[in-house]
Amino acid sequence: MKRIVGIIGLGLLGGSLAKGLASHPDYEVIGYARRSHIGAQAVADGAVTAAYTDARVVAAQADILVFALPPDTNARLFKELAPYIRPRTLITDVSSTKANFARTVKQNRPVGTHFVSIHPMAGSEKGGYAMAHSDLFKGCTWIVLTDEAEPSWSEAGARELIAMGEFLGGRVEQIALADHDGFMATVSHMPHTVAAMVATIAGGDEQGDLRLRLAAGGFRDITRVAGGNPAMWREIITSNRQEVVRALSQLDEQILHIKNLLLTSDDDTLETYLKVAKTIRDDFSHL
C-alpha cells in the first residue's frame, strides 16, 4: 500500500510539495487547508486525493506528516494535533527556522513517532497555493537536518526524506539541526531585513517616488525579497530573533569597515574588498 503523506498547509511550499509528490509511485498525498476552496482546488488539480479543513483528520491518517505553515504556527498546531498522530509516523516540517518547532515536537510527540526536519531552500516573494507548482524544488537545495543524539531522530526517516528531495529534483545537503538557524539568519533572514532597509531608504520619504522612477535592475534585485508577505516574514524573523541580531551585528561591522575605507580614501582596499565579494557571489552562482 502507498504511504500517506499528510501536508499541513497548502501554501506555496506545501502546495508545491503536494503537486510534486502527486506523481510519486509510493505516496498518496492528502492535505489540510484552512480555506475550503483551497483544498477543493488542490483536489481538482490532482495535487491531493483529499483535503480537509480539520487538520486532525490529516494527522490521524498520515504516515509522513509535513508541517508547512510558518514556524510558530507550526509549533502551536503541533501541540493541538499531537494526540491524533499515530505511532511510527514520521514528522517533518519545511519551516525556515527550527528551534521552537523542534523543541515543541520533542516535548509533545507521541511515543513511537520520529522527527526529522527538512528545509527546501525554494520559494518566491509571492506566496499561496495559486503560486505553487510541481517544479518548485528542481535545482534547489533540499536540506535534511541531522540530530543523531535525539531519540526521536531516525536515520531511516532521513533516508526517506533525502530520497523525496531527490525525486523532486532537489540538491540534497545534510547539516546539524543545531546549526540550521544560525546559517539561515546569515543567508536568508538578515538579507531579508536588509532588503526592507534598502527599500525604506530609497522610497520612504517625500522624494521616494522620484528615486523609484530612476531605479533599475540593481535596486530591483536587492529588494526583491522585500515583496514577501510581511506577516509571514515577521514570524520567521522574530522566531529566529537572537541569530538575526547576531547576523545584523556582523553587518554593522562590515558597514563600519566600508565607511572607514571611504573616509580614509583607501580606494585600493575597497577594490580588493569588492573583488573578494564578487568571487564569493560568482562561486555561489555556479553551485
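Predicted model: local features only at pLDDT ≥ 70, side-chain atom pairs only at ≥ 80, totals over all residues.
Where is the place of Ser-265?

1. Ser-265 sits in the loop between α11 and α12. Its phi is near 55°, a positive value in a residue other than glycine. Ser-265 has a relative accessible area of 55% and is therefore exposed, the cut-off for that class being over 50%.

2. Helix α11 covers residues 241-263 and helix α12 covers residues 267-285. The angle between them is about 145°, and their axes are 8 Å apart. The crossing of α11 and α12 is left-handed. On the α11 side the contact is made by Gln-254, His-257, Ile-258, Leu-261 and Leu-262, and on the α12 side by Thr-269, Leu-270 and Tyr-273. Sorted by type, the residues of this contact are five nonpolar and three polar, with no charged residue.

3. A positive phi is also found at Arg-88, where the value is near 75° and the residue is again not glycine. Arg-88 is in the loop between α4 and β5. With a relative accessibility of 69%, Arg-88 counts as exposed.

4. Thr-89 is found in the loop between α4 (71-81) and β5 (90-93). Is Thr-89 buried or exposed? Its relative accessible area is 2%, so Thr-89 is buried, the limit for that class being under 20%. The side chain of Thr-89 reaches the backbone oxygen of Ala-62 at 3.3 Å. Leaving out residues up to four places away in sequence, Thr-89 touches Ala-62, Asp-63, Leu-65, Thr-113 and His-114.

5. How many aromatic pairs does a search of the whole structure find? The search gives five. One of them joins Phe-67 and Phe-101: the ring centres are 5.4 Å apart and the planes lie at 50°, so the pair is tilted. This pair links distant parts of the chain, since Phe-67 belongs to strand β4 (residues 64-67) and Phe-101 to helix α5 (residues 99-108), 34 residues apart. Phe-67 and Phe-101 are both buried.

6. Phe-137 and Trp-142 form a ring pair with centres 5.6 Å apart and planes at 90°, so this pair is edge-to-face. Phe-137 has a relative accessible area of 1% and is therefore buried. Trp-142, at 0% relative accessibility, also counts as buried.

7. Which residues do ring pairs link into a cluster? The cluster consists of Phe-67, Phe-78, Phe-101 and Phe-115. The tilted pair of Phe-67 and Phe-101 described above thus has both of its residues in the cluster.

8. Ala-226 is in the loop between α9 (217-223) and α10 (230-238). Its relative accessibility is 30%, so Ala-226 counts as partly exposed. Setting aside neighbours within four places in sequence, Ala-226 is in contact with His-192, Ala-195 and Ala-196. Ala-226 and Ala-68 are 158 residues apart in sequence, and their C-alpha atoms are 21 Å apart in space.

Notes: Residues numbered from 1 in each chain as written. Heavy atoms only, no water. Axes fitted to C-alpha atoms, helices over the stretch in contact; angles between N-to-C directions. Helix = DSSP H or I, 4+ residues; strand = E, 2+ residues; numbered from the N terminus. Left-handed = near helix turned anticlockwise from the far one by under 90°. Contact = heavy atoms within 4.5 Å. Nonpolar A, V, L, I, M, F, W, Y, C, P; charged D, E, K, R; others polar. Buried < 20%, exposed > 50% of the residue type's maximum accessible area, 1.4 Å probe, protein only. Polar contact = N/O pair within 3.5 Å; in protein donor to acceptor, adjacent residues only side chain to side chain. Phe/Tyr/Trp six-rings, centres within 6.5 Å; stacked < 30°, edge-to-face > 60°.
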